[in-house]
Every structure is written in structure tokens, then in C-alpha cells.
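Subject: Structure handover

Hello,

Here is the structure we talked about. Please open it and keep it in view while you read.

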Amino acid sequence: ETVNGQEHFDALIAADARVEPRDWMPEGYRKTLVRQISQHAHSEIIGMQPEANWITRAPSLKRKAILMAKVQDEAGHGLYLYSAAETLGTPRDRMTADLIAGKARYSSIFNYPTLTWADMGAIGWLVDGAAICNQVPLCRASYGPYGRAMVRVCKEESFHQRQGFEILLELANGTPAQREMAQDAINRWYAPSLMMFGPPDDDSPNSKQSMAWNIKRFSNDELRSRFVGMIVEQVKVLGLTLPDAEIRYNEETERWEHGPLDWNEFSEVLAGRGPCNSQRLARRREAHEDGAWVREAAAAYAARQTARDNA
Ligand code: 3HC
């Protein structure tokens, strides 16, 4: 069965076709997908916290409604992605337990604090903008449930990015203090957003295999370069600047180049020693505990339904 399975799997990958849950797949393929999809789901769920911090302090009802819709979208993306990961045989409870125990990774970017309202703009424009650069190619990931989940997610991300850009545009055209607040938020979120794409290619242990399996379509540096090329134009519309004097387009390599990134800071954040790691996990634990009664009630109700249906 394995011999035919391996041939069948190799043929699917060679044909750039979709691998579905019931297809035979190498254990390594399954493992790296559970790793990436569960991390992606955790990122969406933890990513709700930095923005939720400003829902009760939004400057207008319109902004409050938009921000609530965005945070709800992130929750939905998380549930979508946990479902995709479950098709690989990993129960949701185990993924949640790993996250709560601090044993699961989630995107580095969500371990930074949101200090002012302008951060809502910088997160929408930069973080969701980076997410779009990363997630559009994932729509073509070889694993069916993951690629299909990404199509829906990407549609909502573009709304997230546009509303963030609009917040910054309004501030940039506002009072000098508002303009300064927008520039300060861009200064703080620029480098962490570039690091969201992962370590430099020659420091990326998973990339080679992930690209051979048509999970990752472009390297970390390629997508980072694409992102820089996007925001260096958009920031002109804001009349603001990116905190990086070394951005330039390299005609030979056809890549956008940027200043050095602090990969030591990146590994500190990944090691759980970022500005907000412990606060993010504590809040996630608290939400899990506060929600226990809902899970128990739903399970009791489901058990009663089943008993009644089988009576
Ligand atoms: N944050 C945390 N960990 C990261 C990371 C990041 N930004 N970038 C890389 N890592 C980890 C990897 O998980 C890997 O560690 P592991 O082997 O222990 O899991 C290690 O650093 C080396 O990185 P690699 O490049 O070898 O790993 P990958 O091939 O997995 O590439 C990735 C990293 C590009 C982030 C890839 O995992 C990916 O595309 N993930 C899906 C996209 C995603 O997770 N996006 C997160 C943002 S979600 C979001 O932004 C929500 C939006 O609505 C705001």
C-alpha cells in the first residue's frame, strides 16, 4: 500500500495537483502541515488580542464597528484553519492544549504591544498586508483543505488591509499630532512586519522541503522583498516614510533590498521572551478557563440529544 501510496503521492506533487485528506501521504508531509497550519491558526487567535485592546477605545462608532468585524474575522480564520489541521488527524483540543501550555508557536508579530490608536492602522496596513503577501501563494498549497481555507481568508484580509490604510490616511491628513502618531506606529511596526515572513532563506530549515512539496511557493526572502516593493509605493500616498533608508530596487536580482533586521530580537520573541508573549498566553489561558462552562454545557446538550435520538 505504501509503495503505491508513495508513487501516487509523488505523481500528485509532480503534476502540481491537490493532495486530499484521504490520500496516502509521507509522515513528514503530514507533520509539517500540522506544524504550519496549527501555527497559522494559533496566530489568528492570538492576533485578536492586540487589536481587541482598542475596541473599547476606538475614536468613533464607525471605527469601533469595523475593528470588531475585523477581530471577529480573525477568530473565524482561526477556526477555519484548526478545521483544516484536524483533517490531518490532530484533534483541536490537543492544538489548544499545546498553545496554552506555551508549547506551540504563533506568529512573532503578535507579541508586540499596541500603544496608540494609530497601531490599528499600522497593523491593518503592514501586518495584514504582509499576511496577504504570504497567504495568496498559500491558496495554491498542495494540501487541499489548507489551500481552500486560504481563498476565503484572503478575501477578508484585503478588507483588513484597506481599513488599516484608511485609518493611517485619515491621521496623516489630520493634525500634526495625529500625523506624528501615524508615523510613530509605522516606525514601530515596520521591522517586525518584515520578520513575519520568517528567517532569511539560508537560515530557513523548513523551506527546501516545504517548497519541494508545493506547500511554500516562494521563499521567505522573495515574499519579504515583494512586500517591501508594495509598501514603499503605498507609503508615498500617506505622505509618511518607512524607517529604513536602505530600501532600493536591485535591477540585477530584480529584488527590493532593505536595511538589516534584528534576527536576535526575532529569536528572542520565538523563545517566548518578546514584549508581550507572557501576557498573550495568560490572556489565552484565561479565555480558555472562562469558556469551560460553555464547552461543558454544549457537550452535555449534545450527549442528551444523542441519547434521545438513540432512545
Ligand atoms: N513567527 C513565529 N515563528 C516563525 C516565524 C514567525 N513569523 N517565521 C518562522 N518561524 C519559525 C518556523 O515555524 C520554524 O520553526 P519550527 O520549525 O520550530 O516550526 C522556524 O521559525 C524556521 O522558519 P522556516 O522558514 O524554516 O519555517 P517555515 O517554512 O514554516 O516558514 C512561515 C515560516 C513563512 C511563517 C510559514 O510557516 C508560513 O507561511 N506560515 C503560514 C502563514 C502564517 O503563519 N502567517 C502568520 C500570520 S497570520 C496573520 O497574520 C493573521 C492576519 O489576519 C493578521
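Predicted model: local features only at pLDDT ≥ 70, side-chain atom pairs only at ≥ 80, totals over all residues.

Two packed helices are described by the angle between their axes and the distance between the axes. Start with helix α4, residues 61-86, and helix α5, residues 92-100. Their axes come within 9 Å and cross at roughly 120°. On the α4 side, the residues in contact are Leu79, Tyr82, Ser83, Ala85 and Glu86. They meet Arg92, Met95 and Leu99 of α5. By class, this contact of α4 with α5 has 5 nonpolar, 1 polar and 2 charged residues.

**The largest pocket**

Rolling a probe the size of a water molecule over the atoms shows where empty space is left. The largest pocket has a volume of about 1,200 Å³. It is lined by 48 residues. Closest to its centre are Gln39, Asn134, Met196, Phe197 and Gly198. Several helices give two or more residues to this lining, among them α2 (27-46), α7 (144-172) and α10 (220-238). Which element gives the largest share of the lining of the largest pocket? That is α6, with 9 residues. The lining of the largest pocket splits into 22 nonpolar, 14 polar and 12 charged residues.

**The second largest pocket**

The second largest pocket has a volume of about 540 Å³. Its lining has 17 residues. Look for Ile45, Met48, Leu79, Arg284 and Ala287, the closest to its centre. Leu79 is also one of the α4 residues that meet α5. At least two lining residues come from each of α3 (48-52), α4, α5 and α12 (277-290). α5 gives the most to this lining, with 5 residues. By class, the lining of the second largest pocket has 9 nonpolar, 3 polar and 5 charged residues.

**Two loop residues to check**

Most residues other than glycine have a negative phi, and most peptide bonds are trans. Now look at Asp16, in the loop between α1 (2-14) and α2. Phi of Asp16 is positive, near 55°. Asn214 sits in the loop between α9 (207-212) and α10. Phi of Asn214 is also positive, near 55°.

Asp16 has 41% relative accessibility, so it counts as partly exposed.

Best wishes

Methods:
Residues numbered from 1 in each chain as written. Heavy atoms only, no water. Axes fitted to C-alpha atoms, helices over the stretch in contact; angles between N-to-C directions. Helix = DSSP H or I, 4+ residues; strand = E, 2+ residues; numbered from the N terminus. Contact = heavy atoms within 4.5 Å. Nonpolar A, V, L, I, M, F, W, Y, C, P; charged D, E, K, R; others polar. 1 Å grid on protein atoms, 1.4 Å probe; cavity = no way out; pocket = protein on both sides within 12 Å on 5 of 7 lines; lining within 4 Å. Points joined across faces, edges and corners; volume = space filled by probe spheres on them. Buried < 20%, exposed > 50% of the residue type's maximum accessible area, 1.4 Å probe, protein only.
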